[in-house]
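Here are my notes from a pass through this model. Have it open while you read.

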Amino acid sequence: MSRNVVVTGSGSGIGAALTALLRARGDRVIGVDLRGGEIDADLSTPRGRAAAAAAATGAAGGVVDAVVTCAGTSVPGTATVTVNYFGTTEFVAALRPALAAARQPRVVVIGSVSGTQPTDPDVVAACLAADEDKALAHAERAVADGRARRLYPSSKAALAQWARRTAVAEGWADAGIPVNVVAPGIVLTPMSAGIFDDPAMKKAMDAAVPMPLNGYLRPEDVARAVLFLAGDDNTHITGQVLHVDGGAEATLRGPAHF
Ligand code: NAI
């Protein structure tokens with residue numbers, strides 16, 4: 001049966017690959033992106049998120065079978081907070097009524113293996129407290145102090161914790177809505193392209209994200225894992241972070257962390 005799937009960041013990289021796979025199997029994709037999707041929206045602002053969620057709910061006739069949030073940025077600045085974290089959490093929360101109306105609703109958010117790495121604890125705490133102004137203030141301070149590189153991992157660590165907490169909060173698992181994270185290693189998309197232009201940067205990334213199994217990911221490799229978690233076959237998996245990373249997380253954190 002065709003499902004209504006809302007995909008943020010549908011215009012590029014992982015979101016575009018997922019959109020193509022979903023459409024190929026007959027699902028209806030409502031793409032949300034800065035421009036060029038079914039819904040043009042800026043998820044970095046509360047107003048943009050609310051408008052996008054209302055438009056997506058309307059386009060889906062009030063019934064959203066799955067939401068997958070791929071919109072994101074790795075530029076080390078405040079947009080990691082506004083787009084990666086709040087652009088997912090507020091958007092997904094606003095779609096909860098339309099998800100609850102679906103037969104087998106699913107939520108998948110795209111995290112990152114970088115979420116396992118050192119973070120800015122103040123940014124993470126403010127995100128999890130849903131205090132966007134405070135999170136932004138901490139992020140601006142991190143940029144000013146030369147600690148901006150911790151912002152992207154911070155946004156993804158906070159996102160994973162939000163997903164795990166939300167998954168078992170009232171109104172989600174008990175309403176039949178699983179919430180999971182797919183956390184990729186390095187994926188060959190426009191986001192990562194800059195890394196490969198600079199040999200020193202590539203060497204540093206290869207050391208930071210070791211991927212012994214099959215090397216770098218193609219966007220469709222990530223999209224296929226999302227398809228399972230966002231589909232009817234996933235009946236009981238919720239609150240999980242699935243690292244699709246060629247062994248990076250297992251290498252970095254070791255066998256005792258599971
Ligand atoms: P991409 O740059 O190819 O696509 C990101 C999409 O998000 C673009 O279409 C962009 O327009 C959209 N977007 C950015 N800001 C937005 C905003 N304010 N409002 C609405 N849409 C916005 O990136 P890619 O690689 O496909 O990334 C997708 C997700 O995967 C991101 O969350 C990223 O952090 C994550 N990821 C990517 C990795 C990689 O190596 N490429 C590794 C791990 C995680």
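Predicted model: local features only at pLDDT ≥ 70, side-chain atom pairs only at ≥ 80, totals over all residues.

1. Start with helix α2 (residues 46–59) and helix α3 (residues 79–94): their axes come within 9 Å and cross at roughly 40°. That angle makes α2 oblique to α3, and the crossing is right-handed.

2. Who touches whom here? On the α2 side you'll find P46, R49, A52 and A53, and they meet T82, F86, G87, E90, F91 and A94 of α3. Sorted by class, this contact has 6 nonpolar, 2 polar and 2 charged residues.

3. Now the other pair. Helix α5 (residues 121–128) packs with helix α6 (residues 132–144) at an angle of about 165°, the axes being 8 Å apart. Angles over 145 count as roughly antiparallel, and α5 and α6 are therefore roughly antiparallel to each other. Their crossing is left-handed.

4. For that contact, α5 supplies D122, V123, A126 and C127, while α6 brings K134, A135, H138 and A139. The class tally is 5 nonpolar, 1 polar and 2 charged residues.

5. On to the ligand, which has 27 residues around it; S12, D33, Y152, V187 and T189 are the closest.

6. Some polar pairs worth checking on screen: a ligand oxygen atom sits 2.8 Å from a polar backbone atom of I14. A ligand nitrogen atom is 2.9 Å from an N or O atom in the D42 side chain.

Notes
Residues numbered from 1 in each chain as written. Heavy atoms only, no water. Axes fitted to C-alpha atoms, helices over the stretch in contact; angles between N-to-C directions. Helix = DSSP H or I, 4+ residues; strand = E, 2+ residues; numbered from the N terminus. Parallel < 35°, antiparallel > 145°, perpendicular 65-115°, else oblique. Left-handed = near helix turned anticlockwise from the far one by under 90°. Contact = heavy atoms within 4.5 Å. Nonpolar A, V, L, I, M, F, W, Y, C, P; charged D, E, K, R; others polar. Near = heavy atom within 4 Å. Polar contact = N/O pair within 3.5 Å; in protein donor to acceptor, adjacent residues only side chain to side chain.
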